[in-house]
Amino acid sequence: MMVRVLLPLLLCAVSARADFFQFDSICNVSTYYFNYIYCNIWEGECQPNQDDATQQVPTRDLWAGFPQDYISLLHQWYCSLGQCCESGDCRITNNITGLARDLQTKLHGQHLAQSVVLKAIQGFINNPESNKPLTLSFHGWSGTGKNFVARIIADNLYRDGVKSECVRLFIAPFHFPHGRLVDTYKGQLREAIRDMVLRCPQTLFIFDEAEKLHPGLIDAIKPYMDHYDNVDGVSYRRAVFLFLSNIGGATINDVALDFWHSGQNREDIGMEDLEHRLRAETMESQGGFAQSELMSGHLIDFFVPFLPLEYRHVKLCARDAYAARGLETDEATLDEVAKAMLYVPKEERLFSAQGCKSIPQRINFFLP
């Protein structure tokens, strides 16, 4: 630690009598890059601070007056470390075109999720002055694509997808299993979110099986999703929160079944047919969601319904599973895979009870 303190001081010591060469600026640049090496290559103990200029990437104005050769050399060296990107942070890609393509081509039977998620994410990315973080709540049966869409979002907003240091996944029963430890979990969760926001200018937090979260846990992080400039000096406005749950699955299925019985296309189901019912069922449900200030404070920006998947959608999932393994298949095999799934209602065999979740494992039984 002493080396980290003294060396930048030595680099800056000449600044007082060298105004012509702009050593004040050189000092700032040198300190920034020394901090980068110390924290990321030597893996020293670092405590990022958004307000600390020595831990922020130097801006173009800082380089004014520097010899162009010096700038080019330093730029090449910095890029060689993998930290040079048009976005300003290599970890963040914000590939909206890729997001739209993946939602359209990889997600099957979910026209509402495709539309709402794309508009919500695109609007948030294109509005750097948003007055609150983006909070989305995904609802539907298991296997309908909630986790899959969360992964698609991560893959297109971040270079390393869900493995990015700017993305954090919490699974309620796994990370917060004991009700008696909720106070401990509160502190751990707040610290984890704050630490990540300090390290990344744009973050993604995914809460799977959110209906099993203790209400106190959600309320503990409610200020981070509210309309505040900052919380204890830290701004959370460039964070995205995704809550994934099975709440509302029955309601979504009832609406889809009503459309089918009336002879209407499922693609004609609109948000107006589901959102208010989904919000009401979430408020009345058991668990952390209904009892939390997240609901009473109307902090969820969009309730995103995931429709039950039909036979044709299961076949498309099977096709994708084969393609992901580099295997060729035919319609007969895809039919066999789809027929092996369980469907409801039993009389009509309309909706897959398992969605596409088990398809990758199912095709193992049909391999030669």
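Leu 157 sits in helix α6, which runs over residues 146-157. Keep in mind that this is a predicted model. Is Leu 157 buried or exposed? Buried, at 1% relative accessibility. Now look at Asn 94. In sequence, Leu 157 and Asn 94 are 63 residues apart, yet their C-alpha atoms are 4.0 Å apart in space. Beyond its sequence neighbours up to four places away, Leu 157 touches several residues, including Asn 94, Ile 121, Ile 125 and Gln 202.

Next, Lys 132. Find this residue in the loop between α5 (111-125) and β1 (134-139). Lys 132 is buried too, because its relative accessible area is 6%, and buried means under 20%. What does its side chain meet?

On to the disulfides. How many does the structure hold? Two. One joins Cys 166 and Cys 200, with sulfur atoms 2.3 Å apart. Cys 166 lies in the loop between α6 and β2, and Cys 200 in the loop between α8 and β3, so the pair ties together parts 34 residues apart in sequence. The S-S torsion is about -85°, so this disulfide is left-handed. Cys 166 is buried at 0%, and Cys 200 is buried at 3%.

Another disulfide joins Cys 317 to Cys 356, S to S 1.8 Å. Cys 317 is in helix α14, Cys 356 in the loop between β7 and α16, 39 residues apart. This link is right-handed, with 80° about the S-S bond.

Key: Residues are numbered from 1 along each chain as its sequence is written. This is a predicted model: local features need pLDDT of at least 70, side-chain atom pairs count only at pLDDT 80 or more; totals for chains, interfaces and linings use all residues. Side-chain values use heavy atoms; hydrogens and water are left out. Helices (H or I, at least four residues) and strands (E, at least two) are DSSP runs, numbered from the N terminus. Buried means under 20% relative accessible area, exposed over 50%, partly exposed in between (1.4 Å probe, protein chains only). Contact means heavy atoms within 4.5 Å. A disulfide is a pair of cysteine sulfur atoms within 2.5 Å.
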